[in-house]
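Dear colleague,

Please find below the sequence and structure that I am handing over to you. A summary of the findings follows directly after them.

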Amino acid sequence: MAIISRNKAVADLPGTVRNLDGFVAWLAWIFVHLMSLINIRNKLTTFLNWLQAYFTKDQPLRMIVKPGKAASHGE
């Protein structure tokens, strides 16, 4: 499972013929990640934080970028 952008994700589910994509995969990603948290307090806190970030469009940069040759300066 991977989130691509706002409301878009992909999911390659084992044991199924069909993979998920788009909004349905995005909802599945949210569900799986919330259910993996240990207690209800953590689940609720995380869900409310995600809900606030979703409606305020507060999305901090969460990308891992490997600099290439074009990114090196002075060489």
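Along the sequence, the protein chain of this predicted model runs in the pattern β-β-β-α-α.

The three strands make up an open, antiparallel sheet in the order S1-S2-S3. Strand S1 (2-5) and strand S3 (20-22) lie at the edges; each has a single partner strand, so one side of each has no neighbour in the sheet. On average, and ignoring direction, neighbouring strands are turned by 20° against each other. Three bridges join S1 and S2 in the antiparallel sense, and Ser 5 is found opposite Lys 8 in S2. Helix H1 packs on this sheet and touches S1, S2 and S3, with its direction at about 110° to that of S3.

The largest nonpolar core comprises seven residues: Ala 9, Ala 11, Ala 25, Trp 26, Trp 29, Ile 30 and Leu 34. Strand S2 (8-11) and helix H1 (23-35) each contribute at least two residues to this core, and H1 gives the most, with five. Leaving aside residues up to four places away in sequence, Ala 11 is in contact with Met 1, Asn 19, Leu 20 and Ala 25.

As to the chain overall, 13% of its 75 residues count as buried. The accessible surface amounts to about 6700 Å², and carbon and sulfur atoms account for 63% of that area. Among contacts with a separation of 6 or more, 22% are between residues 24 or more positions apart.

With kind regards

Definitions and conventions: Residues are numbered from 1 along each chain as its sequence is written. This is a predicted model: local features need pLDDT of at least 70, side-chain atom pairs count only at pLDDT 80 or more; totals for chains, interfaces and linings use all residues. Side-chain values use heavy atoms; hydrogens and water are left out. A nonpolar core is a set of buried Ala, Val, Leu, Ile, Met, Phe, Trp, Tyr and Cys residues joined through side-chain atoms within 4.5 Å. Buried means under 20% relative accessible area, exposed over 50%, partly exposed in between (1.4 Å probe, protein chains only). Helices (H or I, at least four residues) and strands (E, at least two) are DSSP runs, numbered from the N terminus. Contact means heavy atoms within 4.5 Å. Accessible areas come from the Shrake-Rupley method with a 1.4 Å probe; for residues, only the protein chains shown count as cover. Two strands pair if DSSP finds at least two bridges between them. Axes are lines fitted to C-alpha atoms, for helices over the stretch in contact, and angles run from 0 to 180 degrees between N-to-C directions.
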